[in-house]
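Reader: I have a two-part request. Show me the structure first, then let me ask about the metal, the ligand and the voids.

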Amino acid sequence: MTAAPPATALLEVHNLSLFYGERCAVQDLSFQVRRGECFGLLGPNGAGKSSTLGCLAGLLNTWQGELQFGGDAIRPADDVSLRGKIGLVPQDLALYEDMTAVENLIFFARMAGLSKAAAKEGADRGLELAGLTDRAKDRVDSFSGGMKRRLNLAVGDVHEPPLLLLDEPTVGVDPQSRNHIFETLESLSKSGRTLIYTTHYMEEVERLCDRILIMNEGVALGCGTHAELATSIDQPNATLEEVFLNMTGRSLRDS
Amino acid sequence: MKLGPAALLFARKDLSLFFRDRTAMLLSFLMPATLVTIFGYLMGMMSSDSDGGPMARATLWVTDVDQTEDSRSFYANLRTSSLLSVRPRLNDDGTYLDTAYTAEQLREKVIDGKVDHALIIGKGFAQALASAEPLPLTMVRDPGAQMEGQLLNIAVMQSLSASTEGRVFTNLLVQNLRDAGMPDIAVDQIRAVTEQQRELLQQSSGDQPFNMMNLFSGRGMVKMEDHVPPERANNVSAIQAQAVGGIAVMMLLFGLTAASASLLREREGGTMRRLLSLPIPPGSILLGKALAMGVIGLIQLTVLFVVGEFLFEIGIWRDPLTLGAIILCTIAAAVAFGLLIAAWARTPKQADGMSTLVILVMSCLGGSWFPLQTLDLPMPMNVAMHLTINHWSVSSFQNLFWRTKSLADTEILLALGVLLLFTVLASWQALRLFRTRYLERA
Ligand SMILES: Nc1ncnc2c1ncn2[C@@H]1O[C@H](COP(=O)(O)OP(=O)(O)OP(=O)(O)O)[C@@H](O)[C@H]1O
Ligand SMILES: [Mg+2]
C-alpha cells in the first residue's frame, strides 16, 4: 500500500470495522483520500463498499476505528455540520417520485442549507449535469430508469460538497449518458473536488480514478494507482481484472 | 442546518405534496364532515326527545276485531304515537294503503317471519273496559325483535292509558281488589272514588292526553325540574356533542396515522438515507413530519367543527380559547400517536394493521362511537376507557359544548394534561424508536 503524505489527505480511514449483528461487513479497513483526487472503491457485490460509504456519510454509527476529515477525528452520524461537507449519491434511488426534477433538486439543496437563490442555481446546474433541463418540470415517476439515475446523482451533488461519495452511480445508465456523467465527474475532479467512486466495473475506475482500493468480503486487498497495483503482484502490465483475479483467486465478474 | 429551519422546510415539502393530491386531500377533509353529519343525525334520531324531531319508530301491525268506539279510539291513538309506525297505513281519505289483515292472517305472518309484532284488539274490548274485566288485547310477536319490543310495550301502554283517559288503571286496581276477595260493594265504592280522582287528574292535565307519567309528576311524587345551562347552544344534545367530538378524534387519528406512514415511505423510497446524510439533525425529520401532520389535522378539525356548527349549532364560537386548547392538545396527541406507530412499524403494512386495530379499539372504548362518558361503566370498561386518547378529548369536547365548561374547569384541565403527557411520552418513545430503527442501520 502507498501511504499518502498526510498534508494532502482530506480523508483518512484507520482500521474501520462494521458489523451488522454478527455479520462483519467491513473489517479493519484503512485508506486515505487526497484532496482533489478521484478515489475508486472496487469490489464485487457484498464487498462492503456501500457499508463503508454509509459510515462516511453518517448513515451508520456502529462502526469502530478512526475517521479523520482534514486532520480532525470525526463521527459523521453525530456531527451535523460535517455532513454538509460530505455528500452522498446513494446506490438506491433516493428521490420523491411525486415531485418534479427541479423540486427534488431544490428541496434537497435547501435541506443541505443552501439559500433560495443558491438552491435555484444548484438546481439549474444539476439539471444540466443530469441532462434533464428540458424535463425539469416533469414528475420523477414519469422518468425512465436511466433518467432517474442521472437525477439521483445530480441531487447528491446539488450543494457541491467538498467530498462527494458516489455509490455505483452509473448502474442502468446508457453509454451516452454514462459518458456525460464521466465528463462531468472529470471536470468536478479537475476543479478540485474530491470524489470517492464505488463500482464493480473495471473500465470505470480505470478511466476515472487516480487511485483504487480493491476490496473483497469487507477486507482491503490492495490500494494504489493502477500501475502500483500491477507492480504489487509483480505483473507490471496486468489489467485491473488480472490484478483482482490474482488477489482473490477469482474473477470480479463471477463473484 | 438547525433543527427548526430544517423541520420547517421538511414540513413544507410534506404539505405541498399533501395538497398536490387534490382528491386525497378533499377526501381527508370531507370524510370526517360526512361521517359527523350521518352520525349526528342518526344519534339525534335515536335519542330524539319530545321536541318532535324525526325519530326511529317500531312497526306494529294492528287489527281491530271489536269495532267499537273505544277500540277505534285506542287504534287511532296508536297511530299518533311518535314511537310507532302503525300498519296498515292509512291514505288521506281514510282508506288503507296496505292490505288490512285479519287476526288469523296476522298470526300467520308472524309465524312466517313476515311481521314481527301484531296487536289484536279482540272482541269485547269495550265491554271489558266498561266492566273492569281483563282486556282482550293480544300482542302476537317474534320475541327475537327485543329492541322494538321494548318500544312497543311503552307505546301501547301510553296509547291505552291516553285513549281510555286512564280508566285502564282504575280497572287494574278493581281487578286486583276482586281477586283479593273484597266484597263487590266495597270494590264499587273504591272504584267510584278512584274514578273521581282520575277525572280530576284528567281535567287538571287540560288537553294533554292522559299520561301515566303525569300520575306521578302531577301528584307531586317526582317533580321534574329542568335546568339548561344558559350558555349552551340552543340545539345541542349530549349525544351530538359526543358525536362531533368522537368523530373528530377518530378521524384525526386515522388521518394522521396515514400521514405519518409517509415516514415509512421515506425509508422505502430511499429518501431517508439521503436525508440522514444531509447536514440536518435527524430529529428535524421527525419534527417536520409532526408539523406537517399538525397543520393537516388542524385543517381537518376546522372543517369538521364548522360543519358541526352549521348542522347542529354545537356552539363553536362560545368559547374559542377553550375549543382551541382542546383541539391543539388533541392534535398533539394524535400526531404523537401517528409518529409512534410510524417509528415502530417496520413496513407500511404493519403500520396500517396496527393503527387500524388500535384506533378502532380506542374509538370504541373511548366514546367515539357510543356515548360512554355519560354512563356509569363497570370497572374494567371504565379503566379501559380512561386508557384511550379518545376518552380524554371526547369528554373535553362534551364538557365544552354540552356542559359549557371552560378552560378553568378542572376536568378539562386534567384531560388536556393527560393528552399532553401522552404526547410527550409517545414522542419521546417515537424518537427513541426512530433512532434505533432508522439511524443505526439505515
Ligand atoms: N442492513 C443490513 N443488514 C444486515 N446486513 C447487511 C446490511 N447491509 C449490508 N449487509 C451485509 O453487509 C455486507 C456488505 O454489504 P454492502 O452493501 O456494503 O456491499 P457492496 O459492496 O455495496 O455490494 P453491492 O455491490 O452489491 O452494492 C454484505 O454481506 C451484506 O449482506
Ligand atoms: Mg453497494
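**Pocket, metal site and backbone**

Author: The lining of the largest pocket consists of 16 nonpolar, six polar and 10 charged residues. Note that this is a predicted model.

Reader: What volume does the largest pocket have?

Author: The largest pocket holds about 820 Å³ of space.

Reader: And which residues lie nearest its centre?

Author: Of the 32 lining residues, B:Phe18, B:Ala258, B:Ala259, B:Ser262 and B:Arg265 lie nearest the centre of the largest pocket.

Reader: Which helix gives the most to that lining?

Author: H1 of chain B does, with six residues. Helices that each supply at least two lining residues are H1 (3-20), H2 (22-46), H10 (238-260), H11 (262-268) and H13 (283-312) of chain B.

Reader: OK, cavities. How many are there of 30 Å³ or more?

Author: There is one cavity of 30 Å³ or more in the structure. The space in the largest cavity comes to about 40 Å³.

Reader: What lines the largest cavity?

Author: From chain A, the lining has A:Gly87, A:Leu88, A:Phe108, A:Val155, A:Gly156 and A:His159. From chain B, it has B:Arg274, B:Ser277 and B:Leu278.

Reader: Which elements of chain A supply at least two residues each?

Author: Strand S6 and helix H5 (145-156) of chain A each supply at least two residues of that lining. By class, the lining of the largest cavity divides into four nonpolar, four polar and one charged residues.

Reader: Switching to the metal. What coordinates the magnesium ion?

Author: The magnesium ion, ligand 2, is coordinated by OG of A:Ser50 and OE1 of A:Gln91, at 1.9 to 2.1 Å.

Reader: Where do A:Ser50 and A:Gln91 lie in chain A?

Author: A:Ser50 is in helix H1 (residues 49-57), while A:Gln91 is in the loop between strand S6 (86-89) and helix H3 (101-111), so the pair ties together parts that are 41 residues apart in sequence.

Reader: I only see two donors. Why might the site look incomplete?

Author: Water is not among the atoms, so a site may look incomplete.

Reader: Now ligand 1. Which residues are closest?

Author: Ligand 1 is surrounded by 13 residues, and the closest are A:Gly46, A:Lys49, A:Ser50, A:Ser51 and A:Gln91. A:Ser50 and A:Gln91 are also the residues that coordinate the magnesium ion.

Reader: Backbone next. Which peptide bond is cis?

Author: The bond from B:Arg87 to B:Pro88 is cis, with omega near -5°. B:Pro88 sits in the loop between strand S2 (84-87) and helix H4 (103-112) of chain B.

Reader: What about phi at A:Asp28 and B:Thr404?

Author: A:Asp28 has phi near 55°, a positive value in a residue other than glycine. A:Asp28 belongs to strand S2 (residues 23-34) of chain A and is partly exposed at 49% relative accessibility. B:Thr404, not a glycine either, has a positive phi of about 50°.

Reader: Is B:Thr404 buried or exposed?

Author: B:Thr404 counts as buried, at 14% relative accessibility. B:Thr404 is in the loop between H17 and H18 of chain B. B:Lys405 is found in the loop between H17 (389-401) and H18 (410-439) and is partly exposed, at 26%.

Key. Residues are numbered from 1 along each chain as its sequence is written. Chains are lettered from A and ligands numbered from 1 in the order in which they are written. This is a predicted model: local features need pLDDT of at least 70, side-chain atom pairs count only at pLDDT 80 or more; totals for chains, interfaces and linings use all residues. Side-chain values use heavy atoms; hydrogens and water are left out. Donors are N, O and S atoms within 2.8 Å of the metal (3.2 Å for Na, K and Ca); water is not among the atoms, so sites may look incomplete. Helices (H or I, at least four residues) and strands (E, at least two) are DSSP runs, numbered from the N terminus. On a 1 Å grid over the protein atoms alone, a cavity is a set of points where a 1.4 Å probe fits but cannot get out, and a pocket is an open set with protein on both sides within 12 Å along at least five of seven lines; lining residues have an atom within 4 Å of a point. Grid points are joined across faces, edges and corners, and a volume is the space filled by probe spheres set on the points. Ala, Val, Leu, Ile, Met, Phe, Trp, Tyr, Cys and Pro count as nonpolar, Asp, Glu, Lys and Arg as charged, and the others, Gly among them, as polar. A residue is near a molecule or strand if one of its heavy atoms lies within 4 Å of it. Buried means under 20% relative accessible area, exposed over 50%, partly exposed in between (1.4 Å probe, protein chains only).
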